[in-house]
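Subject: Structure for your review

Dear colleague,

Please find the structure below, followed by a summary of what was found in it.

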Amino acid sequence: MKNLLNQVINISKNPSVSIILNTHRTKPDNMKDQTLLKNLIKEAETRLLENYDKKLAQILIEKCNELSDSIDHNYNLESLVLFVSEDFADFTRLPVEVENRVIIDNNFATRDLVRALHYETSYFVLALSRDKARLILAHTDKVVEEITEGFPFDNTLYTTDKIKLSSSKGQDNLIEEFFNRIDKNLNEINKENNYPVILATESRNYDNFIKVADKKEMIVGQINKNWDNDEAHNIVPEAWQQMKSYLSERNNERVSELKIAVSTGKFLSDITDIWNAVNQGR
């Protein structure tokens with residue numbers, strides 16, 4: 001989502017078509033989503049043909065229909081946004097409700113993307129055992145997607161060394177190496193967004209994982225049990241309880257920082273005062 005926002009926010013092309021609609025996660029409701037999308041594309045078609053060069057309008061209409069045909073509505077979230085211009089076409093699913101509409105302008109309509117990124121909280125849930133690991137992207141108490149790039153990650157580290165097999169230290173070393181590889185995969189996927197991470201795992205695994213984690217500060221909570229056989233939609237609501245506690249603590253810290261800023265004269269709210277302070281290097 002953030003990568004797409006970085007792309008479209010810099011595109012200035014007339015016309016740029018943004019098609020925004022509410023969708024549904026489950027059947028039978030999500031079977032209506034394709035119909036709504038087709039109706040909005042028809043609205044875009046009418047407006048393009050009325051207001052723009054017919055040849056250019058036809059190019060955009062075809063790109064809208066091709067993009068629509070590529071969307072699998074079985075994976076819908078709360079909403080869907082399509083961006084189409086003469087040389088660009090892409091879409092994203094959003095976990096927030098929107099207003100159904102078609103916007104044709106010099107730029108794409110990105111307000112709902114920004115709102116989805118900042119209004120609610122995104123985070124990863126790493127469901128971890130000594131046999132495998134799954135990574136789930138969540139938004140508040142909802143599943144956005146289960147990551148398939150680099151995950152699920154199975155433990156293939158075995159040994160026939162009898163000394164290692166009989167030694168708890170030898171077994172711990174194998175587990176820590178397995179967790180270290182998972183951590184590398186996680187950090188590669190998370191390097192652009194830096195989402196906080198909730199570990200869904202037993203306490204013994206939590207301790208081992210923290211020991212090898214490169215970015216311990218990103219792990220902000222734990223839900224303690226083996227989740228190997230649980231669906232993502234059962235794991236995330238439990239993880240959200242941990243995230244809420246983390247967010248509450250973080251917000252309390254921000255309030256304390258604000259109180260200190262007020263008491264030391266470093267807090268400014270008037271736009272003129274802020275502008276003067278910036279110019280004065282304060």
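A charge is taken to sit over a ring if NZ of Lys or CZ of Arg is within 6 Å of the ring centre and within 35 degrees of the ring normal. K225 lies over the face of W227 in this way, at 4.5 Å from the ring centre.

The model is predicted: local features need pLDDT of at least 70 and side-chain atom pairs count only at pLDDT 80 or more, while totals for chains, interfaces and linings use all residues. Residues are numbered from 1 along each chain as its sequence is written, and side-chain values use heavy atoms, with hydrogens and water left out.

Aromatic pairs

Rings of Phe, Tyr and Trp (its six-membered ring) pair if their centres lie within 6.5 Å; planes under 30 degrees apart count as stacked, over 60 as edge-to-face and the rest as tilted. By this rule the count comes to seven aromatic pairs. The ring centres of F88 and F108 are 6.0 Å apart and their planes stand at 50 degrees, so this pair is tilted. It links distant parts of the chain, 20 residues apart: F88 belongs to strand β3 (residues 88–94), and F108 to the loop between β4 (101–107) and α4 (111–118). Helices (H or I, at least four residues) and strands (E, at least two) are DSSP runs, numbered from the N terminus. Both F88 and F108 are buried (under 20% relative accessible area; exposed is over 50% and partly exposed in between, with a 1.4 Å probe and protein chains only). Ring pairs also join F153, F178, F179 and F209 into a cluster.

Two individual residues

R181 is found in helix α6 (residues 168–190) and, at 36% relative accessibility, counts as partly exposed. Beyond its neighbours within four places in sequence, R181 is in contact (heavy atoms within 4.5 Å) with F153 and L157. E97 lies in the loop between β3 and β4 and counts as exposed at 62% relative accessibility. With neighbours within four places again set aside, E97 contacts N22, E78 and R115.

Helix packing

Helix α2 (residues 33–51) packs against helix α3 (residues 54–69) at an angle of about 170 degrees, with the axes 9 Å apart. Axes are lines fitted to C-alpha atoms, for helices over the stretch in contact, and angles run from 0 to 180 degrees between N-to-C directions.

Yours sincerely
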